[in-house]
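Let's take a walk through this one together. Have the viewer open and follow along as we go.

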Amino acid sequence: MTVRRLIIFIVMMMLGQASYAWAQDSEASSEYLIKAGYIYNFAKLVEWPATAFAQPDSPIVIGIVGNDPFGPIIDKVLEGKKVNGHPFLIKRLKPTADVKECQILFIGSSLGSHVADTIRLTRGTPILTISEIPGFADRGGIINLTLEQNKVRFEVNVDAAKEADLNISSRLLVLAKVIQQSGDGRKTE
Amino acid sequence: MKLQNLSIKRKLMLITMLTSSVALLLSSASFLIYDLISFRHLLTQDLETQAQIIGYNSAAAMAFKDEPVATATLAALKAKEDIVAAVLYTPDGKIFAQYVPGDKAAPAVVPPKLYRTGYRFEGGYFDVLHDVTLNGEHVGTLLLRSDMREWSRRAKRYALIFFIFVFASGLFALLLSSKLQRMISRPILQLEDTIRIVSANKNYEIRAENTYGDEIGRLMDGFNNMLAEIQQRDTALLNANDQLHARTEELEREVAQRQQAQEELLKAKHAAEEASRAKSAFLANMSHELRTPLNAIIGYSEMLEEETRESGNTEAIQDLQKIQTAGKHLLSLINDVLDLSKIEAGKMTLHLEIFDVPPMIRQIVTTLEPAATKNSNVINVRVAEGVDSMRADITKVRQILVNLVSNACKFTDSGTISVNVEPITAEGQDWIRFEVCDTGIGITPKQRKQLFQEFAQADTSISRKYGGTGLGLAISHRFAQMMNGHIDVESEPGKGSTFTVLLPVEVKSEGQESPSSETTLEPAKPPRPGASNQDTILVIDDDATCRDLMSRSLNKLGLNVILTGSGEEGIELARRMRPFAITLDVLLPDRDGWSVLHELKTDPELSSIPVIMLTIIDNESLALSMGASNYLVKPLDRERLAVLIEKYRAGRSSKSPNRNSSNRTAEKREELAPTKA
Amino acid sequence: MPKILLVEDNEMNRDMLSRRLQRKGYAVVMAQDGEQGLEFARSESPDLILMDISLPKMDGWQVTRFLKSNPETKGIPVIALTAHALSTDRQKAFEIGCDDYDTKPVEFGRLSEKIEHLLVEKSVS
C-alpha cells in the first residue's frame, strides 16, 4: 500500500463519515423540517379563542421548552409566514418561564418529569401543546408527533383540546390518530 | 321541375310550410342551443364547485402529505358517475393521489404552469383544475375530469325531441296549409275554370262568380267587365258581320248583273267594231272605186282637149270642157260626200303638224285667182304681223279656207273678196282668225239657219245658179269643230257676208290633254343588242309624227333612239341616259326649246353632249351662240342629219354650221317671234 | 329627148299620162308593176321615174327603196304619185328617198313642172 493510496482511503473514509453524518444530519433535519411544517399546518387548522390574541395581528408565539430539536429549521420554515394574519414568534423558554403567553408550546423530550407539570399547568389554557414524547397525548397533551414507518404522524387528544378551548378542524382530525382522554385519565378511543 | 310551374296550391303550401318550418327551426334551434349552453354552464359550475369542495377537503391531506386520506377524499367522487378521473397533483406537478374508476388510465401530467385554475374541453372530456390551498398556501392542484355524460344525454334527447317535434309540426303545418291555401287558390282556380269555359265555348255571357273583396275579387270584377265588353263587341261584330253578308250578297248580285251587262256590252262592242271595220273598208273601197273612173274621165277629157287644141277644132274644145267641168263637179261632189261619210262614221282623223300660215294663204289665193276673175272679183289678202306658224291639220285648214273663198267668189259679182288673217288672244288661249269677207249677195236670216247643214244649200235654185254641192260649209264647220275652233257668219242680204274662222294656234288632238303629255318613249325598234350610250341618241320633239320619222331613220343608222315630246323630260333623260347626241326641236310645249338648250349647255354633266337644233324657224346665229352644235331647219335634210350624227358618233364634234339650202323663208327675223303660249 | 319610166298598174292612168308626156316631148317607158319597174329602171336607164305608190305585190315605196339603194339606179330622180296627201306620206316619200311627190288625180300642169325641175337639176349635177 502506497502512501498515496492511504491518503485517498482516509479522505474517502472521512467523506463517507461526513456524508453519513450529513445524511444522518439531513435525515434528522428533514424529520424536523417536516415536523416544523406540521406545526405550521397545525396552526392553520386550529382555532384559538378570541382572547388568545391581543390584536388581530399579534404573533402566534411558539414557545419551545426543553431541548430544541428543530434548531434554526423551525425559524426558517416559519419565517415570514402568517396564519390568519398572525405571524409567528418563536421563543425558547426555560422550564420555569411563564408559558402562558404562548399559543403553541413545544415540549422537548428533555423535560422528563416536568412534562406532567407543564401539562397540568397548561391545562384549560388556550395553548396548543405539542411534543414528540411518546404518550404525550395520553397524558393530556394535545398533539403528539410520532414516527411510524418512517413517516411523521401525529396523535390528537380532542378532550384536552376542548378543555383548552381550542377548536381543532375536522380536516386535521381526519389525518390524526384521535385520542379521547380527559385529564382525569379516562381513556376513550 | 320549375318552381314557377307549380300549382298555386302547391306554391301556397310550400310557402306556408317553408316559412313555418324555418320559423320553427330557428326558434327551437336557438332555444335548444341556448338551453344546452346554459346546461353546460351549469355542469361546469357544478364541477367547479365539486372541485372546490374536494379541494378543500383534501387540502389538509395534501399539506400533511397524507396520501391515503387524499385518495379516500377523491374516492368520494364515486358518487358522481360522470367523473372519469380525479387527480391531486403536488405543487411540482407530480401525481399525489388519484381516483380513476374503471380501467382507464390516469390522465397525463398536466403542466402546472398553464393550468393553475380553470377548465377546458378536450378529447370529449371536460377538465376542471383547482388550486388546492390551505389557508392561502398552495399545497397542490386538483384535476377533475368529467365525460359530460349528462350533457350528451340531454343533447341527444333534445335532438330526438327536436326532430319529432319538427316532423310533427311539419305534418300539422302541411294539413293546415293545405286547408288554408284554398282561401287563395279557390278563387283563382274558379277564375281559371271560368276562363277556360269561356274560351272553349266562346260564350261571353258567362260571368265569374265573385264573393271576394280582396285583390282577387277585383281581378274577377275586372275579368267580368272585360267579358262584358267582349260580349258587346262580339254582338256588334256579329251584327256588322250580318250586315256585311247582306251587303256582300247585294254586291254579288250587282256584280253578276254588271258582268252580264258587260258581256252584253262586249258583244255590242264587237258588233260595233265589226260594223266600223266594214264601214272603213267600204269607205276606202268606195273612195278608190269612185275616184278611179272619174279620174279617167277627167284625165282623158283634158288630154283630148290638149290634142284638140293642137288640131284647132274649137267647137270640140268647148264640148270637152263641158265634160271636164261636169267631171270635176262630180269629183268634188264625190269627195264631199266621202268626206262627210267619213266624218259621220267618225273615221275622219286629224293629222296635226306645224306649218307656216302665210305661204298657205298665198297658195290658196293663187289657186282661186281664176275663180275670182271669172266673176270679175278682186281678192285682197292681208296677213297680220305675228301670224307665223300654227299647229293644225293643214289639209283641213286649207279645205276650209278654199271652201270659204270659193263660196265668196261664187256668190259675188264684180266685187271684192278680202282675206284677213290675224292672231288674237281670247279665253286665255291664242287663236288665229281667218276672215273671208265678200261684197256679194249676202245671206238671209232664214238661209242662215240652214247654212251649215248638209244638203241644205240655202236654196235649191242657188245650186243651179251658183254651182257647188251644198256640203262644203257643213264639212268646213265640222273640220273647224274637230280642231276646237269654230266658224261664224255675219251677213246682210245684198251687202255681203263675212265668214270668220277661229282656230287655236295650237290644235290639241282629241283624247289627249296636251302635246306635252305625249312623253312616252316610242322606240320604233328595240335597241340593238350591245348598243351602248355611244349609240344612244335623244330626240326631243313634240310632234309625234316627227318623232316617229326621226326614230325610224335614226334606227336605220343603227342607233338606239330615245324619244320625248317634253323639254323637261328631255333634260331628265339626257342626265339619265347620257346619249352621245341630242336633237332638239325649238318649238316644245312645256318649255321653250331655247331654255332647254340653255339648261343642257350650262349643266356640267350634259354640256359636252352635242345638241342639234331642229326647227321650222331659221335662227341659226342665236342657236349657235347659245351653244347648239348644229342647226337644221325642218323639214329635215336626212342626209345632212345622218352625216352630222356619224361625225358625233365617231367622237369628233363639229362646230361648223350646216345650212339647209332649201326652204329658206324669205323673212329673216331679228328675234325669235313667240309662237307658243 | 329625156326618157321617163312610168310605173303604174292602172291601164287608163298609164295611157293618159303616157300620151300626155309624149306630147310634151318625153320618151316614155311603161312598167305595169314593181318588178317590171325595177327591171326597166336598170335596163332602160331612164332620166326620171314616175312611181305610182299603190302597186300590186311590191308597193311603190319598196320599189323606190330598192332603186335608191342600187348604185346603178340611185341617181335617177323619182317622183312618187300617191293618192294620199297626208304630211306623213310626204315625209315618208322623202324618207324613202323620193325626190318629189305628187297627188292623184294628177294635175298635169303641176306634175310637168316638177318633172322639168328635176330634169334640170339632174342635168346640172
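Start in chain A, where Pro56(A) sits in the loop that runs between β1 (46-47) and β2 (60-65). Keep in mind as you look that this is a predicted model. Is Pro56(A) buried or exposed? It counts as exposed, because its relative accessibility is 65% and the cut-off for that label is over 50%. Now find Asn84(A): it is 28 residues from Pro56(A) in sequence, while the C-alpha atoms of the two are 8.4 Å apart in space.

Next, hop over to chain B and look at its surface. Which residues form the positive patch there? They are Lys9(B), Arg10(B), Lys179(B), Arg182(B) and Arg186(B). Two helices of chain B, α1 (8-63) and α4 (182-201), each supply at least two residues of this patch. Arg10(B) is a handy one to click on: it belongs to helix α1 of chain B, and it counts as exposed because its relative accessibility comes to 57%.

Chain B has a nonpolar surface patch to show you as well. About 570 Å² of surface is made up by Ile8(B), Phe172(B), Leu176(B), Leu180(B), Met183(B) and Ile184(B). Here α3 (149-180) and α4 of chain B each bring in at least two residues, with α3(B) giving the most, namely 3. Phe172(B) is found in that helix α3 of chain B. With a relative accessibility of 54%, Phe172(B) is over the 50% cut-off and therefore counts as exposed.

Now for chain C. It has 5 helices and 5 strands, and if you trace it along the sequence you get the pattern β-α-β-α-β-α-β-α-β-α. Of its 125 residues, 50% count as buried.

Within chain C, strand β2 (residues 27-31) has the highest confidence, at 94, whereas helix α4 (residues 87-96) has the lowest, at a mean of 80. For the model as a whole, the scores are ipTM 0.79 and pTM 0.41.

Note on methods
Residues are numbered from 1 along each chain as its sequence is written. Chains are lettered from A and ligands numbered from 1 in the order in which they are written. This is a predicted model: local features need pLDDT of at least 70, side-chain atom pairs count only at pLDDT 80 or more; totals for chains, interfaces and linings use all residues. Side-chain values use heavy atoms; hydrogens and water are left out. Patches are made of residues with over 30% relative accessible area and no salt bridge: like charges are joined within 9 Å, nonpolar side chains (Val, Leu, Ile, Met, Phe, Trp, Tyr) within 5 Å. Accessible areas come from the Shrake-Rupley method with a 1.4 Å probe; for residues, only the protein chains shown count as cover. A salt bridge is a side-chain nitrogen of Lys or Arg within 4 Å of a carboxyl oxygen of Asp or Glu. Lys and Arg count as positive and Asp and Glu as negative; His and the chain ends are not counted. The place of a charge is taken as NZ of Lys, CZ of Arg, CG of Asp or CD of Glu. Helices (H or I, at least four residues) and strands (E, at least two) are DSSP runs, numbered from the N terminus. Buried means under 20% relative accessible area, exposed over 50%, partly exposed in between (1.4 Å probe, protein chains only). pLDDT is the predictor's confidence in each residue, from 0 to 100.
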